[in-house]
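Hi,

Here is the structure I said I would pass on. Have a look at it first, and my notes follow below.

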There are 2 protein chains.
Amino acid sequence: PDWKLIEEEGVQKLERQFSFPDFVAAMAFTGKVAALAEAEGHHPALLTEWGKVTVTWWSHKLRGLHRNDFICAARTDALAND
Amino acid sequence: PDWKLIEEEGVQKLERQFSFPDFVAAMAFTGKVAALAEAEGHHPALLTEWGKVTVTWWSHKLRGLHRNDFICAARTDALAND
């Protein structure tokens with residue numbers, strides 16, 4: 001499943017679920033995306049569960065999507081393919 | 001806010017939101033709860049956002065709450081007070 005455009009409380013967001021063999025692998029990916037977030041100064045919602053991580057990007061101040069969200073989504077994909 | 005009893009798709013769960021000064025502090029807590037989860041062999045949903053982490057415990061196989069979920073909730077609180 002690729003990135004989906006979702007809307008929560010009137011705010012458009014980009015969301016994608018990534019699958020992993022177990023919890024440890026999921027958490028390792030969460031850590032990578034968290035490091036990207038800090039580097040970018042742009043922070044997603046990261047839902048970590050057993051075998052999956054759901055990443056949601058949106059621009060809080062704009063209450064919606066900005067070019068930077070699409071860039072961060074692409075960089076998240078690159079981390080998943082490491 | 002303390003632990004709330006919630007129901008998602010017919011499954012009872014324990015959920016609590018923890019607040020932090022920033023994203024890095026939130027991720028550090030997520031990491032601690034993840035380590036607890038691995039040690040216990042019991043895995044919550046961990047939603048990490050800027051300044052907050054939402055922890056949700058339930059027993060997947062039982063599709064609801066078991067004694068172990070309450071124990072893990074208490075251990076999560078202890079990690080937050082470290």
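Let's start where the chains meet: strand 3 of chain A and strand 3 (residues 45–49) of chain B pair in the antiparallel sense over three bridges. Here A:Leu46 stands opposite B:Thr48. Strands (E, at least two residues) and helices (H or I, at least four) are DSSP runs numbered from the N terminus, and two strands pair if DSSP finds at least two bridges between them.

Before going on: this is a predicted model, where local features need pLDDT of at least 70 and side-chain atom pairs count only at pLDDT 80 or more, while totals for chains, interfaces and linings use all residues. Residues are numbered from 1 along each chain as its sequence is written, chains are lettered from A and ligands numbered from 1 in the order written, and side-chain values use heavy atoms, without hydrogens and water.

As for the interface, 17 residues of chain A are in contact with 17 residues of chain B (heavy atoms within 4.5 Å). I found zero salt bridges between the chains (a Lys or Arg side-chain nitrogen within 4 Å of an Asp or Glu carboxyl oxygen).

How do the copies relate? Chain A can be laid on chain B with an RMSD of 0.0 Å by a turn of 180° and a shift of 0.0 Å along the axis (least squares on C-alpha atoms of residues with pLDDT of at least 70 in both). That is the relation of a two-fold axis. In chain A, the C-alpha nearest the axis belongs to A:Leu47, 2.1 Å away.

Cheers
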